[in-house]
Amino acid sequence: IIAEDTLKTVCDIADTTDRFGALGVRMVDMKGAFLPESKRGIPTVWVAFCKLTFIHKLFPRSTFFNAYYYPNIKENEPGEVPILAGAFMLINKKRLQEEALLDEQFFMYGEDIDLSYRIINQGMKNVYVPTTIVHYKGESTKKSSVNYVFVFYNAMIIFAKKHFSKSNASLFTFFIRFAIYLRAGAALLIRFLKRILLPVLDFLL
């Protein structure tokens, strides 16, 4: 859901930004909570490791431990960022044509990271603007599902193999695959416990 002035605001900024490549906005969920993926850093091996091990949650303002959510720029200030979210991207049409549109290797997740990365590698700017929209996050794939875990993290593997050196991609893949099995196992365990415990609780109450 966008505001009445959202499109005019972002178009005006795009028209006045030198070497404009793409633009993203401040996204909030249905309850009004800020979605940190509105602005992200490049998911290098270290960045991915901190996110997968939840170290980033311990240091949410650290540019070293929480680079995935790019704390270099605060949620209410504009600035240039590496990675934008595909939920809302205003893109330079010429730049998009030169970048051959979206890479069809990616199914649902990761294509926005890949496109953002290709744009900045061409010397263009990805800009974050704190004008607010509402994003119904997770409605296409529920985060608790095993399918989400496999689709999301496999997209990260595709990105690493495409853009990183062979050694870095191998290390990245190792951490990602570990996270896939960990998250998938956790999701299955939670689902199992719900099926076992909920009937018991209903009976007791």
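Me: Let's begin with charges: how many salt bridges are there?
Reply: The count comes to eight salt bridges, where a salt bridge is a side-chain nitrogen of Lys or Arg within 4 Å of a carboxyl oxygen of Asp or Glu. Please keep in mind that this is a predicted model, in which local features need pLDDT of at least 70 and side-chain atom pairs count only at pLDDT 80 or more, while totals for chains, interfaces and linings use all residues. Residues are numbered from 1 along each chain as its sequence is written, and side-chain values use heavy atoms, with hydrogens and water left out.

Me: Which parts of the chain does the pair Asp112 and Arg40 link?
Reply: The side chains of Asp112 and Arg40 meet in a salt bridge, at 3.1 Å from N to O. This pair links distant parts of the chain, since Asp112 lies in helix α5 and Arg40 in strand β2 (residues 39–40), 72 residues apart. Helices (H or I, at least four residues) and strands (E, at least two) are DSSP runs, numbered from the N terminus.

Me: Is Arg40 buried or exposed?
Reply: Arg40 is buried, because its relative accessible area is 6%, and Asp112 is buried as well, at 12%. Here buried means under 20% relative accessible area, exposed over 50% and partly exposed in between, using a 1.4 Å probe and protein chains only.

Me: And where do Asp12 and Lys8 lie?
Reply: Both are in helix α1 (residues 6–15), four residues apart, which is about one turn of the helix, and their side chains meet in a salt bridge of 2.8 Å, N to O. Lys8 counts as exposed because its relative accessibility is 58%, whereas Asp12, at 35%, is partly exposed.

Me: Changing topic, which residues touch the most other members of the largest nonpolar core?
Reply: Those are Met156, Phe172 and Ile176, out of 26 residues in that core. A nonpolar core is a set of buried Ala, Val, Leu, Ile, Met, Phe, Trp, Tyr and Cys residues joined through side-chain atoms within 4.5 Å. The elements giving two or more residues to this core are α2 (45–52), α5 (111–121), α6 (146–163) and α7 (166–204), and the largest share, eight residues, comes from α6.

Me: What is Ile176 in contact with, leaving aside neighbours within four places in sequence?
Reply: With those neighbours left aside, Ile176 is in contact with Leu52, Tyr153, Met156 and Ile157, contact being heavy atoms within 4.5 Å. Apart from this core lies another, of 12 residues, among them Val10, Leu35, Ala85 and Val129.

Me: What does Ile55 touch, not counting residues up to four places away in sequence?
Reply: On that basis, Ile55 touches Phe49, Cys50 and Phe65. The place of Ile55 is in helix α3 (residues 55–58).
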